[in-house]
Amino acid sequence: SAKFDFSRFVSQMDFVFVDGSHSYGYVLNDSKRALELLRDKCGVILWHDYDAWDGVTIGLNELYRENDEFKRLKHIEGTSLVCLLPD
């Protein structure tokens with residue numbers, strides 16, 4: 001995802017699944033990129049490996065705390081999945 005050109009997919013997606021590198025930096029980058037891909041910022045983003053990999057957990061927790069666009073992050077209880085629900 002660090003080198004892929006996502007430009008032709010910007011504002012085209014209704015659903016984005018994030019399950020790539022588990023490092024903190026990638027989680028931040030991929031999460032912000034996923035938000036750009038959503039059509040009118042409406043749709044669902046789903047992340048895998050929350051509470052299983054430190055980079056994923058720390059990154060998503062930080063986005064939730066510090067970025068209004070990620071205030072609707074929800075951990076799906078009993079899973080390693082987190083979703084961002086539309087407004």
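**Entry 1: ground rules.** I count a residue as buried under 20% relative accessible area, as exposed over 50%, and as partly exposed in between. By that scale Arg33, at 30% relative accessibility, is partly exposed. I am working from a predicted model.

**Entry 2: salt bridges.** I looked for charged pairs. Side chains of opposite charge can pair when their charged atoms come close. How many salt bridges does the count come to? I get two salt bridges.

I took Arg33 up again. Its side chain meets that of Glu36 in a salt bridge, at 3.4 Å from N to O. Both residues sit in helix α1, three residues apart, so about one helical turn separates them. I note Glu36 as partly exposed, at 38% relative accessibility.

The other pair is Asp14 with Arg39, where the closest N and O atoms are 3.2 Å apart. Asp14 is partly exposed, with a relative accessible area of 47%. Arg39 is partly exposed too, and its relative accessible area is 33%.

**Entry 3: the sheet.** I traced the strands next. Strands of a sheet pair through backbone hydrogen bonds, either parallel or antiparallel. Here four strands form an open sheet with mixed pairing, in the order β1-β2-β4-β3. Which strands stand at the edges? They are β1 and β3 (73–75). Each has a single partner strand, so one side of each is left without a neighbour in the sheet. Ignoring direction, I have neighbouring strands turned by 20° against each other on average.

I then checked β2 against β4 (residues 82–84). The two strands run antiparallel and are joined by three bridges. Trp47 stands opposite Val82 in β4.

I also placed the helix. α1 lies across β1, β2 and β4. It runs at about 170° to β1.

**Entry 4: the core.** I went inside. The largest nonpolar core has 19 residues. Which residues have the most contacts inside it? I list Val16, Ile45, Trp47, Leu60, Phe70, Leu73 and Leu84. At least two residues of this core come from each of β1, α1, β2, α2 (54–66) and β4. The largest share, five residues, is supplied by α1.

What does Leu60 touch, not counting residues up to four places away in sequence? I find Val27, Ser31, Trp47, Tyr50, Leu73 and Val82. Trp47 and Leu73 are also among the residues with the most contacts in the core.

**Entry 5: cysteines.** I searched the whole structure for disulfides and got zero. The cut-off for a disulfide is 2.5 Å between the sulfur atoms. From the other end, the closest cysteine sulfur to that of Cys83 is in Cys42, again at 15 Å.

Are these two cysteines buried or exposed? Cys42 is partly exposed, at 43% relative accessibility. Cys83 is buried, at 9%.

Conventions: Residues numbered from 1 in each chain as written. Predicted model: local features only at pLDDT ≥ 70, side-chain atom pairs only at ≥ 80, totals over all residues. Heavy atoms only, no water. Salt bridge = Lys/Arg side-chain N within 4 Å of Asp/Glu carboxyl O. Buried < 20%, exposed > 50% of the residue type's maximum accessible area, 1.4 Å probe, protein only. Pairing = 2+ DSSP bridges. Axes fitted to C-alpha atoms, helices over the stretch in contact; angles between N-to-C directions. Contact = heavy atoms within 4.5 Å. Core = buried A, V, L, I, M, F, W, Y, C linked by side-chain atoms within 4.5 Å.
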